[in-house]
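Below are my notes on this complex, as numbered points. Please read them alongside the structure.

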Amino acid sequence: MNEQQLIILEVDRLSVSYGAFQAVKDVSFHVQAGEIFGFLGPNGAGKTSTLSAVEGLLKPQSGRISVAGFNLHEKPLHARANMGVQLQSTSFQAELTVSEIIRLFAGIYGLNLSKEEVAAKLTEISLADSAEKRFGQLSGGQQQRVSLMIATIHNPRLVLLDEPTTGLDPQSRRQLWERIEAIRAQGDGVLLTTHSMEEAEAVCDRIAIVDHGRIIAIDTPEALIAQHRNDPDVISVSRKGKITLEDVFIGLTGRAVRS
Amino acid sequence: MRALLRADFTTLWRNRRSFRLVLLVPIVIVISWKGLVDKLGGPAVLATGITIGLISIGLLGYSNSIARDRDKGIFQRLRVGPVSSWTIMMSRIIVQIAMVLMMTLSVFAAGNLVDKITLTPLGYVYGFFISVIGGALYLSLGQMIVGWIKNPETVNSTTRMVYFFFIMIGMFAEFGALGEQIGHMVKWSPYGVVNKILAASLNPATWSTQTTMALLAAIGYTIVFAVIGIKWFKWDTK
């Protein structure tokens, strides 16, 4: 098995329940090294529950999750040491400065960064002059850059990004895409959730569409469009005369607005 | 753990205004009770000040900071790293214990400088030790409140209510203003047992079987509150 085929994340028959409600039903997928894998679905489809289970924030009802070869249930700290996470609404201690937050998270991953190393990290993301600012004083785009840098500070094999470009302007979004592509170029795997079909088409190598807790389609964006090009449900929602990933997504998951 | 402790102590330092408020009430009590030192005894005055400081730290400081950080998702961000949940919580508790020691030191200093209360060296040593035990009781009570209540605003109002309840009932009962029956109940309440073991520890010669019973009661309260608080605690508010 070469580096590109190496499986970084393996989710096998994962089920997650909240009391009687089953949010994730028997979901299986994998993310390879050097791959950006998109996880798409309407609100309440089970994306965040799946991601939370992978992050180790909730205990699944059944199934197996392995990160870089470490079973998340049996070796949670080893598995988490190999993943970097950018949560949907990342909040850091409001009292800490950006450089203090970076040093905190570097320390959690066993890295002891000097002041110069922290400054270099901030320069990499064009925030050299923000070291002493509080996280809340940064703009949305700057916050996302810091969050992504912290998520990757320990060079993890797997990066989990939960709707990372929500609320960003086009310039910031493009810049973040380039950073995500740079992670792929290093040979690491990325699991990305997004509501933006444009983003999924632009950066994802493969996509899983999830609905009602199950994966209903999984393939490359191009293959998904090709497979569903003649699907009447997809054609009926098409708006621009040609079939897009968004048409496939709405055709498969329905027009109804989810809460 | 070192990185977490550094961040938590930095957070405490940046919140020094609220820390000063936590220190203020016990110091004001010790100073304003100067006239009662002869009647109640120096250790009893200091014990009351420290008890109130411990209630402030456990209820107003600890529980509100946990409720706020949980609501903001700060714990979830930490928990996705290779750090156990116990380490995250232990770091917070160590910071609170440091606050307990600083508060106790401040009360001793105010008592000595203003009220001219001096203790034996052993009294000071035992005082610090028992203030940590008393602090553990109120931290576990704070933990129980954040275990039961998720909303930070509700945690804030509940802890304030419990804080004033303890102080008012405790102090009135101490002066015998609430009758014998309520006085007896208060004596064995979390307020009463901490006050009793603190007063006895500051004057070790007065330690009795009753004080040992109060110490056991304090440990019992701590265990019960901590078990409930840990069992019911959720790391996020969703």
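1. A residue counts as buried if 20 or more other C-beta atoms, placed from the backbone, lie within 10 Å of its own; with 12 or fewer it is exposed, and in between it is partly exposed. Helices (H or I, at least four residues) and strands (E, at least two) are DSSP runs numbered from the N terminus. By these terms, strand β3 of chain A (residues 36–40) is mostly covered, with five of its five residues buried.

2. This is a predicted model, in which local features need pLDDT of at least 70 and side-chain atom pairs count only at pLDDT 80 or more, while totals for chains, interfaces and linings use all residues. Residues are numbered from 1 along each chain as its sequence is written, and chains are lettered from A in the order in which they are written.

3. On confidence: pLDDT is the predictor's confidence in each residue, from 0 to 100. Chain B has a mean pLDDT of 90, and 100% of its residues reach 70 or more. For the complex, the predictor gives an ipTM of 0.79 and a pTM of 0.82.

4. In a regular strand, side chains alternate between the two faces of the sheet. Both faces of β3(A) are covered: A:I36, A:G38 and A:L40 are buried on one side, A:F37 and A:F39 on the other.

5. Strands pair if DSSP finds at least two bridges between them. β3(A) pairs in the parallel sense with β8(A) (residues 189–193) over four bridges, and A:G38 stands opposite A:L192 there. β3(A) also pairs in the parallel sense with β9(A) (residues 206–211), over four bridges, where A:F37 faces A:R206.
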